[in-house]
Amino acid sequence: MEKKSIDKLVEETINSFDGAERASTKPFLLTRIYARMQNQPGTPNIWARAAAFLSMPRVALAGLLLILALNAAIIIKKTNADNITVQNTAVIKDEFAINVISIYDIENQEP
């Protein structure tokens, strides 16, 4: 009994597609959709406005020059600091130099 009712339902479902036709759209639907998307006023969020500002060539060039100037300043400061460190270590080395001449204690005084 149950099998017959299921078969009957399946047959009714299959037969319901007999009168079905292919769906059709109005002419130039895609063109109208694109036109409406183009005409809508966009309200860009803060990230979109920031990206648009940063992508301008003059802002990008100024940022690049700023980064290069900071790198050059850091390198120059580092070389000056290295020179000062070398001078200070030479003074400290001379102050703490111990010249012990011993047969049993042979080592290089120079690093």
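Helices here are DSSP runs of H or I with at least four residues, numbered from the N terminus.

**Figure 1. The whole protein in this predicted model.** The secondary structure comes to 4 helices and 0 strands. Along the sequence, the pattern reads α-α-α-α. The protein has 111 residues, and buried residues make up 1% of them.

**Figure 2. F28 in the loop between helix 1 and helix 2.** Helix 1 covers residues 2-15, and F28 is found in the loop between helix 1 and helix 2. F28 is not a glycine, yet its phi is positive, at about 60°. Its relative accessibility is 65%, so F28 counts as exposed; the cut-off for exposed is over 50%.

**Figure 3. A nonpolar patch on the surface.** Five residues are shown: L29, L30, I33, Y34 and M37. Together they have about 500 Å² of accessible area. One of the patch residues, I33, is the subject of the next view.

**Figure 4. I33 in helix 2.** Helix 2 spans residues 29-39, and I33 is found in this helix. I33 counts as partly exposed because its relative accessibility is 39%, a value in between the cut-offs of 20% for buried and 50% for exposed. I33 also belongs to the nonpolar patch with L29, L30, Y34 and M37.

How values were computed: Residues are numbered from 1 along each chain as its sequence is written. This is a predicted model: local features need pLDDT of at least 70, side-chain atom pairs count only at pLDDT 80 or more; totals for chains, interfaces and linings use all residues. Side-chain values use heavy atoms; hydrogens and water are left out. Patches are made of residues with over 30% relative accessible area and no salt bridge: like charges are joined within 9 Å, nonpolar side chains (Val, Leu, Ile, Met, Phe, Trp, Tyr) within 5 Å. Accessible areas come from the Shrake-Rupley method with a 1.4 Å probe; for residues, only the protein chains shown count as cover. A salt bridge is a side-chain nitrogen of Lys or Arg within 4 Å of a carboxyl oxygen of Asp or Glu. Helices (H or I, at least four residues) and strands (E, at least two) are DSSP runs, numbered from the N terminus. Buried means under 20% relative accessible area, exposed over 50%, partly exposed in between (1.4 Å probe, protein chains only).
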